[in-house]
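Please consider the arrangement of secondary structure elements in the model shown below.

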Amino acid sequence: ALHTPPPGYDQASGWPAEDGVVLSQTSALTSTLLEFALRRSGWPATAVNWLAQGLSDELRADDPALAQAIEARYMPLLLQADAGQVLWPVEQMPNGYELSGDKRELWAAQAWAMTYYLLQTGGWAALRQPSLATADAWRTALLDPWRAAAQGIQDTLAQRSQAVLSQDKEAFLSTVDATNPVFYQEETHWFEDLLSHPAEAFSMETQLLSLQGNQASAQLTMKYRLAEAGSTLDTVSWRGRFVQRDGHWLYADVDFAEEHSEHFILQYTEPAQGSYARQLLSEAERAYAQISSDLDFHPAQPVEIKLYYQSDLFRTSIFLSMPQARGWTEPGESIKLNTEEWDVASPVGAGRIIAHELAHQALFARGVQHDGVHEGTSQYEAALYDPQWLAQQVGKWRQQVYDLVRSQRPITLATLTNWRELRKQDPDLIYTVGWDTITYFRRRFSRDTFLEWLDLLGTE
């Protein structure tokens, strides 16, 4: 028999009864015992096999992560099979033991779907009242909403692709969830960069992975080529999140999980990053204490930090034309970290980059737009945060400055106004010259004088 656990057996998978075995879950029991219980409950032999399989999956789905994985594994198969008209009528479901390969996987998917529907419509009591009278209705109940959501998301991505190619900012932003002002600002900056670096080719493909009411996630694949000499067709894939508003599916960023602290919201994608995220929040709070004290920066809202485990996803989430980097932020945006970079892999290394990016945000808040001042101040703050790192870098930085002076090239802090105007062989100069100049300024004058100077720069 199948039943919920009686008092005293709350955590039990099963317990003895007068003439059989009673089950509450199957994770610790064999499918043979489960099929035996279903037969004893009165289910016909033709249903016992697939129902045992479906129950095995559904009971494992008590874990939300496993439930999401099962849904993502089975629903695309079912949609494809339904379109190809190869799903089985309930009364013709074959014996799973006689199937293999793709047919066995599709059988397991349909077994889960029909079992899920029975439990959703009749609860666990349905298992004690053997009947398949309504089981065929699972197609309408499960597949129709998924089919509609999948089409809606595909339409949204088609609109985004066309907007990118035609440089239609309004059409592009109408596909973005505007309820998150940080993400909306990031998407705005992303599109504005296309005006200077247009795409010659751009397309997006999708496969729906989960659907819960007006929330969905989908596997996304973006292919693009910039209209610049030497550009190649590049591909980036990730799991994205969508929300339905007023009948339209809107893109709502990468499908992040979150951890919170007093001053930060940290977002990450890989479950294994959860413990790292909690360690990183501690380092982020240490960086916040330093920057808020030294640069008098006190943001009104928690600062968002986004971790990217793919370098290409990190880069293209900023701009399609973005070169590789460790971290990034712009006015009104989150702090983005590329965890594939070696020095971001440790919490202290990532904390140093957070200090660097928080310094950028502090200068943006004062209206400073000079890139050399930004990078110099940010490197200065990163060095304060991690003196050991400074000790490892200072010799190299000093040598770069000395070499620049001896070369008599007309490069100073005053000329380093835009990082994009640097020669490809000079990407580090904005950091080293900036750090050297800001370090001198801070040693020669007081902190208060430095902050007053930043305020003057912000008014120019």
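Two strands pair if DSSP finds at least two bridges between them; helices (H or I, at least four residues) and strands (E, at least two) are DSSP runs, numbered from the N terminus. The model is predicted, so that local features need pLDDT of at least 70 and side-chain atom pairs count only at pLDDT 80 or more, while totals for chains, interfaces and linings use all residues. Residues are numbered from 1 along each chain as its sequence is written, and side-chain values use heavy atoms, with hydrogens and water left out.

An open sheet is formed by four strands in the order β3-β4-β5-β6, with antiparallel pairing. Its edges are β3 (199–212) and β6 (248–254), each of which pairs on one side only. On average, and with direction ignored, neighbouring strands are turned by 35 degrees against each other; axes here are lines fitted to C-alpha atoms, for helices over the stretch in contact, and angles run from 0 to 180 degrees between N-to-C directions. Five bridges join β5 (residues 234–245) to β6 in the antiparallel sense, and R245 stands opposite H248 in β6.

Helix α5 (residues 138–166) packs on this sheet and touches β3, β4 (215–226), β5 and β6, contact meaning heavy atoms within 4.5 Å. The direction of α5 makes about 160 degrees with that of β3. Helix α9 (residues 311–318) lies across β4, β5 and β6 and runs at about 60 degrees to β5.

Elsewhere in the description stand two further helices. The axes of α12 (residues 387–407) and α13 (residues 429–444) come within 9 Å and cross at roughly 100 degrees. The two helices are therefore roughly perpendicular to each other, a term for angles of 65 to 115 degrees. On the α12 side the contact includes L390, V394 and W397, and on the α13 side L429, T432 and W435. The residues of this contact divide into eight nonpolar, two polar and three charged, where Ala, Val, Leu, Ile, Met, Phe, Trp, Tyr, Cys and Pro count as nonpolar, Asp, Glu, Lys and Arg as charged, and the others, Gly among them, as polar.

Both helices also contribute two or more residues to the lining of the largest pocket, as do β10 (327–328), α10 (347–365) and α11 (371–385). A pocket is an open set of points on a 1 Å grid over the protein atoms alone, where a 1.4 Å probe fits, with protein on both sides within 12 Å along at least five of seven lines; lining residues have an atom within 4 Å of a point. Of the 46 lining residues, A325, E375, W419, P427 and Y431 are the closest to the centre of the largest pocket. Helix α10 gives the most to the lining, with six residues.

Note on methods:
Angles under 35 degrees count as roughly parallel, over 145 as roughly antiparallel, 65 to 115 as roughly perpendicular and the rest as oblique.
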